[in-house]
There are 2 protein chains.
Amino acid sequence: MSLQDFFNARSVAIVGASREEHKTGHEVLASLLRGGYEGDVYPVNPKADEIEGLRCYPSLRAIGSVPDLVVIVVPAKVVPKVLTECASIGARCAVIVSSGFKESSPDGAALEHELVEIARRGNIEFVGPNCLGILAPGNKLNASFAGDLPPVGGIGYLSQSGSLLASILDMAMAEDIGFSRLISIGNKAKIDELDVIRALGDDPDTTVIAGYLETITDGDAFVREAERISREKPILLLKSGETGAGAEAASFHTGRLAAAEMAIECVFERAGVIRCESITAQFDYAMALANQPLPAGPNVAVIANAGGPSIMAADAIERQGLTLAKLSDTTLQRLTDGLPAVANLHNPIDLLGDALAKRFEVALNAVLDDPGVDIVLFVLSPHAMTECTETAQMVVRTARAKPGKPILACFLGARKVAEAVQVLRQGGIPRYKSPEFAVGAVKAMADYGRWRSRPKRVVRLFPVNRRKVERIIERHLRRDLLDIGEMEAQEILEAYGFVTPRGDVATSAEQAANLADQIGYPVVLKIWSPDIIHKSEVGGVKVGLTSRQETMDAFDLMMYRIPKRVPDANILGVLVQEMSTRGREVILGMERDPRFGPLMMFGMGGIFVEVLRDVAFYLAPITAEEAMEMLTSTRTYQLLQGADDREAVDISAIAEGLQRLSQLVTEFPQIQTMDINPFMVGPAGTTPVAVDARIKVAQARNG
Amino acid sequence: MSLQDFFNARSVAIVGASREEHKTGHEVLASLLRGGYEGDVYPVNPKADEIEGLRCYPSLRAIGSVPDLVVIVVPAKVVPKVLTECASIGARCAVIVSSGFKESSPDGAALEHELVEIARRGNIEFVGPNCLGILAPGNKLNASFAGDLPPVGGIGYLSQSGSLLASILDMAMAEDIGFSRLISIGNKAKIDELDVIRALGDDPDTTVIAGYLETITDGDAFVREAERISREKPILLLKSGETGAGAEAASFHTGRLAAAEMAIECVFERAGVIRCESITAQFDYAMALANQPLPAGPNVAVIANAGGPSIMAADAIERQGLTLAKLSDTTLQRLTDGLPAVANLHNPIDLLGDALAKRFEVALNAVLDDPGVDIVLFVLSPHAMTECTETAQMVVRTARAKPGKPILACFLGARKVAEAVQVLRQGGIPRYKSPEFAVGAVKAMADYGRWRSRPKRVVRLFPVNRRKVERIIERHLRRDLLDIGEMEAQEILEAYGFVTPRGDVATSAEQAANLADQIGYPVVLKIWSPDIIHKSEVGGVKVGLTSRQETMDAFDLMMYRIPKRVPDANILGVLVQEMSTRGREVILGMERDPRFGPLMMFGMGGIFVEVLRDVAFYLAPITAEEAMEMLTSTRTYQLLQGADDREAVDISAIAEGLQRLSQLVTEFPQIQTMDINPFMVGPAGTTPVAVDARIKVAQARNG
């Protein structure tokens, strides 16, 4: 059973079909008939003999054969009965349009749960409940009340909001945008967004997957599958509902972006999903990706017949971080030979207001042949002399003769270019009303193209002592201790190949001083007790001790004072530890997102994280390249290279630290948050030291 | 003579009128006639007797009366002759459509200069050359070849790009957007963008000024006048051509934004000009501002009939830094009483898919009456039951009954809401196709509203010794010395009330040590010579001297070594200076933009400016509030307040320093760039010290 079977249904039963117009049960039937559906249609309604000229059946069973698809439009409380009937006659695919489930009340949620159980037992797949239905224009199947069937095209669309789907459909019809399938996923009780994305991924008629989502059901699976499918087809998503919801969950790391929003950014980046900020942007990008090849790079050539719009395009290209292609000498020569002397031959090419289609053709051919051009942006202003339609025809013809590079068109104006716009549409050249929108689509294509051509991800696996960490974590969880103390945090770090500060526990002042002599000054003293997590708060940390005498004094003061403050603590002694004085302090961290798992965090210590929020996140497990990207994406990266005249530090050692931490938190889903702070890193060739760590654990969701 | 006279012309002569279709000279005449112009029309062309049924005149003089407006469409080289004829018959207003001037060649530029001279002598005002002409729909005047007259409305539009104007006109016609005037300013040889903006500011039919500009002719006047006009009417500008052009000019302060781009941002911020990133955004904002009152604050109430779009609106509101209004208890009670129990009553209010016009009306009235609501965003999805048109009528009616708060509508879809959209348009309710666009317009309104209601700008004038600075600068310029040395830079700072480090010049080691004793250790020694600007490079600076002995050693070493390195320098001694050890180093600076004058700069010293680019700019002269805004807009502001556990510093002392520097650079246009670096600022109550300054001067443009 797959979602394709829904779309390929050769017979459809509509349970709850109604004779009364404006009732959903009538609208679904009428939509199906209006769409010219060629299979059998069975209205089911015990109170009618005939609807819209079709024989009406009192029940599913009464049909006498098994419909490929059953659309259910009865009141919520009747739906379980209908679904049970589906199971009993052997129907396998249902669309439950009815509402009154999880979205409305706890009782409704219970009812919805019942549907899932019935479907599971009866081996039924269903879309919904609380949805508008499904549409497949190529199959003339409109099992919905979302509107009329749109034209056939390459965009497969799914929406968690029915009303948005209906609005999009209405808008798309007006702009003649074609679709392969449209699915209103409703409460997604059985078939969820990932099932749909997977089905659209497999569907040969779908070239671009687009959708609107408010929630993601299974984060891990989403990342894995979306990443796989993005390698074949672009996925364009509008994702809402992150800003407010996530705000409370935002941790100290994040300040401006809520944690949930940050997680979505990381997930989409990893999975190659193109995030769209508006419906318009989504269709701008979708039309480009559905109709044009991916660009090999970010170098854009602009061909225009007016100064203003070409400057606007050039500005937008620069703002979006794309590049105005540098035209080759050959190209410039061809333009010089083929064009009047007055035009600006350099990119953006301005052919002037009197350019006819022929002049555009010379320029278009020249830039398409230029190996330094990856993308062509064609900006036409409809002047009195402009041959709008002929130029559009020329663009379509040339694009067919020289495929390989994407061509996007910005034909300004409306009525004057109406015919030309039709020509472009039919010829598969995406058209934009304003240069900025065209450049926005170019940017989406270039980003996705880069993602697609990135090298294969290889996550390095370090040899570690996993068993040791497992024991420590299990011991904590058994005793319901959720903070891991310094002693054991250090053991965990060492088990994963981190170097921790040299040191040992002393039980007398004399022994402390001897240890300090061995380690070398300055040293740090820390009270050593499994019962004291926050050492500083009880006076259990003393830094910068530079002599035997200071060490002994500090030891004795701790031993005298702390038992008074924390009488119940079992004090095992005092840790005497080396104090790193060279290098920089950075923070390696992890926050586990409840949906998507561990987000790796990197930032320079102190004010850079706490005040300037200069922090990078990435979804674990990370590769060496991704660890480097995290570093270079911070503004403080230059400081690591010595931009403030301090010694440059070993960047690759930090990247390795991030990868080791990534491995640790991936292998132990019980670790909820973790920071190595500070991670002291010195110049190349030195070994960084994980000075301190904070680890919080909890029972893993699936552990 | 004002631009209004152009639009109120009761007779128009077209010199170069042509019988041949597709010729500009024909198109201008045809446009005028098609538009239903009610005044007299005189085609002028010696080669024709009659055009389009009108008598044609061989020359302007042959008309026998003086036309109010002369449109010139003859070849460039003939234009001076025609303009001379205008002068001789006493015509005062001309639109020069002809091209072939500054835009095409140096000869053309000379010809354009000639036009300006003829106009000056003949007391003629003219638009152009190289323009599409002017349009005034309310007067049925279309003296252009830009397209047909659009509907009458409140938007006055000017464009430096003819093709963009034509495209906008075509698009606006398709969307039924009304205009008061449209002006293609072309090469703006005589009437420039500011003349037009001023005229539109005075025009009672224009409620919103909008335009596209590539260059600004007189920066100072632009700032002054735009600020004055923005207090009355919004000015919405698309400004292009800043990114690339300015990149080379970018100074060390700026890294990401080119200096020119930064200047435009500062200018628009000061003058209240609303910058638009695209044509679409410009009309989105213009329609809101032309038809709706300004909001009193940023609190938005969203009324919707679907979950998805209301969440999208809420997300966009949060992203734009606006606020979802908190509804009062009274409002919630009214909603509870008047609406079904299932709707979400909290903002964003979701009235559900079955909401009829009546339900929308209850909600709209309730939020309009709520004092906590500043703006209403109405988001309608066209469901099967939705009364789109009735709801639109209700919105229009309610808005009229309860004016005062802006109402913006996002009616999703296309065909289903087509009639409703017409109703909204006629009722002055701006309509958007997507929630994000509506929220973008809300943001523009809220920002402009805040700008309009800001307190009056009062620039504090400090008592200073202006004469002293004048003498120093004049002396430098006379000798063509463009860098001002430390000695005199310090005098300049002191003349403007800055405190500089205590110190004096010593001519012997003994004297240096005595001075150091008086000042208190540590001290700094600096070689003292008018001929040495870069002291450090010749070993002329020694910091951190802590004793008599060290001071004497440093003195003697400088006196021994420096004369060898710089044999020609006149060495006057060594400056012994106090060394500030307390407080923070910040930078106060100024970069003079060639168009707009001094841009004030503030940043924390060191890496914060050089690596993190955490810098604020503001156009001088600045007020106390603006100085504070500069400080608070940096990310490092929290450090000044002690966020890194260092002592908080005297914020107001920094703000005063910025104001004093602002006064200095405003009063001396000769100062091209200036930095006080470091400006050492301590805790409240201490006096900050301007430790070092770098000043570059040049002949002022107008000085």
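In the predicted model, A:Asn123 sits in the loop that joins α4 (106–122) to β7 (125–127) of chain A. The phi angle of A:Asn123 is near 60 degrees, a positive value in a residue that is not glycine. A second case was found in chain B, where B:Lys188, also not a glycine, has a positive phi of about 40 degrees. B:Lys188 is placed in the loop between β11 (179–184) and α6 (193–202) of chain B. Most residues other than glycine have a negative phi, and most peptide bonds are trans.

Cis peptide bonds were also examined. The bond from A:Tyr521 to A:Pro522 is cis, with omega near -5 degrees. A:Pro522 belongs to the loop between α19 (509–519) and β23 (523–528) of chain A. In chain B, the bond from B:Ala620 to B:Pro621 is cis, with omega near 0 degrees; B:Pro621 is part of the loop that runs between β28 (615–619) and α22 (624–632) of chain B.

Two packed helices are described by the angle between their axes and the distance between the axes. For helix α7 (residues 219–230) and helix α9 (residues 259–271) of chain A, the angle is about 35 degrees and the axes are 8 Å apart. On the α7(A) side, the contact involves A:Phe222, A:Val223, A:Ala226, A:Glu227 and A:Ser230, and on the α9(A) side A:Val267, A:Phe268, A:Arg270 and A:Ala271. By class, the residues of this contact are six nonpolar, one polar and two charged.

Over all chains, the structure holds 74 salt bridges. One of the salt bridges pairs A:Glu225 with A:Arg198, with the closest N and O atoms 2.6 Å apart. This pair links distant parts of the chain, since A:Glu225 lies in helix α7 of chain A and A:Arg198 in helix α6 (residues 193–202) of chain A, 27 residues apart.

The arrangement of the two chains was then considered.

At the interface, 60 residues of chain B are in contact with 59 residues of chain A. The area buried between the two chains is about 4,800 Å², and carbon and sulfur atoms give 59% of it. Four salt bridges are counted between chain B and chain A. A:Arg319 forms a salt bridge with B:Glu277, in which the closest N and O atoms are 3.5 Å apart.

Several helices and a strand of chain B each supply at least two residues of the side that touches chain A, among them α5 (162–174), β13 (235–239), α10 (279–291), α16 (435–452) and α21 (607–610). The most is given by α11(B), with eight residues. The side of chain B that touches chain A comprises 23 nonpolar, 19 polar and 18 charged residues.

Terms used. Residues numbered from 1 in each chain as written. Chains lettered and ligands numbered in written order. Predicted model: local features only at pLDDT ≥ 70, side-chain atom pairs only at ≥ 80, totals over all residues. Heavy atoms only, no water. Contact = heavy atoms within 4.5 Å. Buried area = accessible area lost by both parts, 1.4 Å probe. Salt bridge = Lys/Arg side-chain N within 4 Å of Asp/Glu carboxyl O. Helix = DSSP H or I, 4+ residues; strand = E, 2+ residues; numbered from the N terminus. Nonpolar A, V, L, I, M, F, W, Y, C, P; charged D, E, K, R; others polar. Axes fitted to C-alpha atoms, helices over the stretch in contact; angles between N-to-C directions.
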